[in-house]
Structure formats: structure tokens, C-alpha cells
Amino acid sequence: LFARTGLRGIGVTEFFESELGAPVSETSLHGLFLKKYFGGGAKDFDRQLKKELKDVTYEEVEKNEGKTKRFPIGTTAEIRVNGDKYIIFALSEADPKTCKAKSDVTKMWIAMHHLWQRARIEAGGHPLNVPLIGSGLSGIGLPSRDLLNLIILSVVTETKANRITEVIRIVLHPDRFEEIDLRDVQKHWEE
């Protein structure tokens, strides 16, 4: 995902966490993003988030670790790093005691709707790159092929309403190719 040119989307919890550890797993895409571009520290990330989310209504929540401002599922924030733009979007809820993320198909659909809306504004004709949304620690629990088809359906639905951008790439981690036969997916969408 990081090697692709264009705008990139990264799903996070409703708290927009920036602390590696229980709030953000170092192995999650969000954690890798924080380590790669912010050195695991969060000052610039948090500064940009504060500016982006200043007018968004939130709920204060008592938590054991991490941030306490809970934003609605689908909330988006643009983060800029080294001239690149990322849309960080609230995909999953997080348990206030354990920080464990959880989501479902309804929340994923809402989150993607808001991601596509923001991408229409921010892409400026550049490609949009998204991971296999819901396949990581978000806890959606669907097989990879179903997630891929759900993302494609969401893109098709949104594009019928209004074009998002010319190129949308769903970037798959190599380990997903054991679970997904892209020829089957292509055949399904050509029918």
C-alpha cells in the first residue's frame, strides 16, 4: 500500500489512536503507518488529527489506555506525510477496557461510504489505494474473497451515484492470494 502512488486509505478505530501497544498493534496497517512515517511517535500525527477533527462531534469515554474521544464510525481525517495524502477513517469500535477492535459489515459499509465521499474531495484525479478493508484486526470476520467483493460492490454503488476517482486500487497482501482466486472474482464481476 505504501509503495503505490496516489491517495491511500487506512482504517482505524473510532478513537483515532496514535499510541503503539494496546491501543494500536504494531502489526496492524495503522501501526505500520505510525512506525514508518512518524517513528512510532505521534506528535505530528496528533497535531494533524486535532486540526482535521476539530469540528467533529465526539463522545468522551473513560478508558484504560489511549485516547478518550470517541468519534462516529465513518469519520475521516486527511493526514499528510512527505507530500503524500492519507485518508484515515473510523472503521471499527474499540473496547474501552481492552482496546480490542471490533466491527461488522454494517459499520464497514458506513465507513467505506465516508471514505469514498472524502476521496472524491481529496483525490484530485490521483489514484486511490485501499487495503483489503476489514481483513486485519478490525474483527469483521468475513473471508477475504467476501471482503473483496464487498469493497468492489461499495465502489460500484458509490460510483453510480458520483465518480470517486479514475483509478481505485485494492491492494492485497501476498498472503491473501492463497485465499482469493482473482480470476473467479473477475469472472463474477464480468457477469
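By class, the lining of the largest pocket in this predicted model consists of 19 nonpolar, 12 polar and 3 charged residues. The lining comprises 34 residues in total, and the pocket they surround has a volume of about 880 Å³. Nearest the centre of the largest pocket lie Ser 28, Leu 29, His 30, Gly 136 and Leu 137. Several elements of secondary structure contribute to this lining: β1 (7-13), α1 (29-38) and β5 (84-94) each provide at least two residues. The largest share comes from β1, with 4 residues.

The second largest pocket holds about 260 Å³ of space. Its lining divides into 6 nonpolar, 1 polar and 5 charged residues. Helix α2 (residues 43-52) gives the most to the lining of the second largest pocket, namely 3 residues.

Strand β5, one of the elements that supply the lining of the largest pocket, is mostly covered, with 9 of its 11 residues buried. β5 pairs with β1, another contributor to that lining, in the parallel sense through 6 bridges. In this part of the structure, Thr 13 stands opposite Ser 92 of β5. In a regular strand the side chains alternate between the two faces of the sheet.

β5 also pairs with strand β4 (residues 76-81), and here the two strands run antiparallel and are joined by 6 bridges. Arg 80 has Lys 85 in β5 as its bridge partner. The two strands form a hairpin with 2 residues between them. In the turn of this hairpin, Asn 82 has a positive phi of about 50°.

A further pairing links β5 to strand β6 (residues 101-102), which is antiparallel and extends over 2 bridges. Ala 94 has Ala 101 in β6 as its bridge partner. β5 and β6 likewise form a hairpin, with 6 residues between them, and Cys 99 in its turn has a positive phi of about 70°.

Note on methods
Residues numbered from 1 in each chain as written. Predicted model: local features only at pLDDT ≥ 70, side-chain atom pairs only at ≥ 80, totals over all residues. Heavy atoms only, no water. 1 Å grid on protein atoms, 1.4 Å probe; cavity = no way out; pocket = protein on both sides within 12 Å on 5 of 7 lines; lining within 4 Å. Points joined across faces, edges and corners; volume = space filled by probe spheres on them. Nonpolar A, V, L, I, M, F, W, Y, C, P; charged D, E, K, R; others polar. Buried < 20%, exposed > 50% of the residue type's maximum accessible area, 1.4 Å probe, protein only. Pairing = 2+ DSSP bridges.
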